[in-house]
Amino acid sequence: MSKKTHVSETPATQLLRANGIAFTEHPYEYVEHGGAQHSAEVLGFDPFTVVKTLVMQDQDAKPLLVLMHGNRTVSTKNLARQIGAKSVEPCKPEVANRHSGYLVGGTSPFGTRRAMPVYVESTILDLPRIAINGGRRGYLVGIDPQVCVKLLDAKPVQCALAE
């Protein structure tokens, strides 16, 4: 069995450890604009089980997080309707960085700088395990998806579109 490379703590891993959440570490070579598809490919994961964290905002520029399958996109129209917003759109990268405290490409829903409502595509919660960003570019953590509900109070939504 090969020895896993230990990755230094991030606000996300600190929060997971503080709450006694077991997780596996999956570092990989980060590629600009590679996204969840790239990480799934290099780590040998199904892109459906790699969850991306998207920082979005409503019509009043209030930030929110959306957890989505790596091989799906968000229907902002469906999402807005389900959360009672007039509209939802992705934040610009510099705005997303400011809200989350993470760099885009390394955004974790855990340990964000600012508390934001979290919405999770409902089918993610049916998976036995997911890989989600651990708070740094090129670093995923493997967890039980129910942790998202337990720690983040993530609300299930149905807004996935096939890519």
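With seven residues, β2 gives the most to the lining of the largest pocket. This is a predicted model, where local features need pLDDT of at least 70 and side-chain atom pairs count only at pLDDT 80 or more, while totals for chains, interfaces and linings use all residues. Residues are numbered from 1 along each chain as its sequence is written, and side-chain values use heavy atoms, leaving out hydrogens and water.

**Exercise 1.** Describe the largest pocket.

*Step 1.* Recall the term: on a 1 Å grid over the protein atoms alone, a pocket is an open set of points where a 1.4 Å probe fits, with protein on both sides within 12 Å along at least five of seven lines; lining residues have an atom within 4 Å of a point.

*Step 2.* Its space is about 780 Å³, a volume filled by probe spheres set on the points.

*Step 3.* Of the 33 lining residues, Gly 35, Thr 53, Leu 54, Val 104 and Gly 105 are the closest to the centre.

**Exercise 2.** Is Gln 57 buried or exposed, and where is it found?

*Step 1.* Gln 57 has a relative accessible area of 14%, and buried means under 20% (1.4 Å probe, protein chains only), so Gln 57 is buried.

**Exercise 3.** Which residues of helix α2 are buried?

*Step 1.* In α2 (residues 35-43), they are Ala 36, His 38, Ser 39 and Ala 40.

*Step 2.* These buried residues pack against β2 and β8 (139-143), judged by contact, meaning heavy atoms within 4.5 Å.

Terms used
Buried means under 20% relative accessible area, exposed over 50%, partly exposed in between (1.4 Å probe, protein chains only). Helices (H or I, at least four residues) and strands (E, at least two) are DSSP runs, numbered from the N terminus.
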